[in-house]
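Thanks for coming. I have one structure to go through today, so please have the display open while I talk.

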Amino acid sequence: MNDFLSTIGDGLWNAFLMAYEVWWALVLGFAISAIVQAWVPRQRVERALSGSGLAPVAKATGLGAVSSSCSYAAIAIARSLFAKGASAVTALAFQFASTNLVWELGLVLWVLIGWQFALAEFVGGLILIGLMALLLRLFVSPRLEEAAREHARAAGGEDEHDTADSGGMSLRERVTSADAWSDVADNFRMDWAMLWKEITIGFLLAGFIGLLGNDVFDFLFIEDAPAGVRTIENVIVGPIIAVLSFVCSVGNVPLAAVLWSGGISFAGVMAFIFADLIVLPIIAAYRKYYGTAFALRITALMFVTMVVAALLVDGLFSAAGLIPDTRPERGEIFGEIELNYKLALNAIGLVAFAVLMWMTTRRARIAEPATAR
């Protein structure tokens, strides 16, 4: 019993230490995302992304990159865009960008396992979008796409993550307006409300998996084999672990750090991170939004693009000499609490988090008397 309790305590402490390492980056990333969501109206986004072609796809990529990183929010917004006239390519480009090119994901990757992974995530996200655009045109017929659009319109938009427009104010007016910052706070709170479970599960999984011995990782990831065989095995196993872990968005980065420490290849790490859009609950959402035929088709295509994109990124970074030569020890990933810049940044992040959350309760209290009248 003592050993069991000690193991539980060690796993929880590891999870806490990893959360401590990236707390400030999470708050900063979510705050930047909330500002964009609050001050860029949804109607403007929908107009920009209607139709197909290179320009709408580029706009979808850019807007996705500055939106919420929540995978569930991304697929809900993509459904809305698709139902209102955006092509499947544009809608999925938005999805990929909003889950692979966002601030918070890059920051957390950089903090936990290095800038090379953050850069690889950005490059890989662009490759994902290009590959998906190509494969959709080859394997999804206009008839199937139109049937999926009709299904999406019938599915409704109850779970969309809406944005706000602060009264059409200029940027200077928004910066100095309490109401505009309340809009930011509302989006900040909604992102956390949707993602806190995934993030928490991600840290807990990382904390307890970090206690496993190296023999477990040796079983999962082939090491005594030619480099090509090892890379291909890792790049297939990575997404499978992601799908079975049920963790998505920023929540899968802590587990990616543990897998990297445990011996998975660079390509395997990238494939694992890319796979947050094909976890089982999200596949079920695709079926609800688009129907079974379209959902199965895009899920299969996503898996293929994730594997191929990870291999391409691995090849590019190998040729450029950007793949790290050393791996962090398990203890280095989880870190420790010290009197240093991380403590100061986390304290600032805690204050910012508290202020933004307080602003949402302040608006609710102000609205209550008006509702009563």
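I will take the overall fold first, then the aromatic residues, a few single positions, and the pocket at the end.

A word on what you are looking at: this is a predicted model, where local features need pLDDT of at least 70, side-chain atom pairs count only at pLDDT 80 or more, and totals for chains, interfaces and linings use all residues. Residues are numbered from 1 along each chain as its sequence is written, and side-chain values use heavy atoms, with hydrogens and water left out.

The overall fold, then. The chain has 18 helices and zero strands. Both are DSSP runs numbered from the N terminus, with helices being H or I of at least four residues and strands E of at least two. Of the 373 residues, 52% are buried. Buried means under 20% relative accessible area, exposed means over 50%, and partly exposed is in between, with a 1.4 Å probe and protein chains only. Contact here means heavy atoms within 4.5 Å. If we take contacts between residues at least 6 apart in sequence, 86% of them join residues at least 24 apart.

Which helix is largely enclosed by the rest of the structure? That is helix H14, residues 266-274, because nine of its nine residues are buried. Among them are Phe266, Phe272 and Phe274, along with Gly268 and Met270.

Now the aromatics. There are 14 aromatic pairs in the structure. Rings of Phe, Tyr and Trp, the last by its six-membered ring, pair if their centres lie within 6.5 Å; planes under 30 degrees apart are stacked, over 60 edge-to-face, and the rest tilted. Phe82 is buried at 1% relative accessibility, and Tyr290 is buried at 5%. Tyr290 also pairs with Tyr289, again edge-to-face, at 6.0 Å centre to centre and 75° between the planes. Tyr289 is buried as well.

Tyr289 has a charge over its face too: Arg79, at 6.0 Å from the ring centre. The criterion is NZ of Lys or CZ of Arg within 6 Å of the ring centre and within 35 degrees of the ring normal. Arg327 sits over the face of Trp260 in this way, at 3.9 Å from the ring centre.

Elsewhere, Trp23, Phe188, Trp192 and Phe353 form one aromatic cluster. Two of these residues come up again in the contacts of single positions. Asn346, in helix H18, residues 341-372, is buried at 7% relative accessibility. Setting aside residues up to four places away in sequence, Asn346 touches Tyr20, Trp23 and Trp24. Ala31 is in helix H1, residues 2-39, and is buried at 18%. Beyond its neighbours within four places, Ala31 contacts Val184, Phe188 and Leu356.

Outside four places in sequence, Ile283 touches Ile278 and Thr299.

Last, the pocket. Rolling a probe the size of a water molecule over the atoms shows where empty space is left. The largest pocket holds about 200 Å³. A pocket is an open set of points on a 1 Å grid over the protein atoms alone, where a 1.4 Å probe fits, with protein on both sides within 12 Å along at least five of seven lines; lining residues have an atom within 4 Å of a point. Grid points are joined across faces, edges and corners, and the volume is the space filled by probe spheres set on the points.

The lining includes Trp103, Leu107, Glu121 and Phe122. Helix H6, 103-113, and helix H7, 115-139, are the elements that give two or more residues to this lining. Just after H6, Gly114 takes a positive phi of about 120°. H7 also holds Gln116, which is buried at 15% and contacts residues including Phe266 and Pro324.
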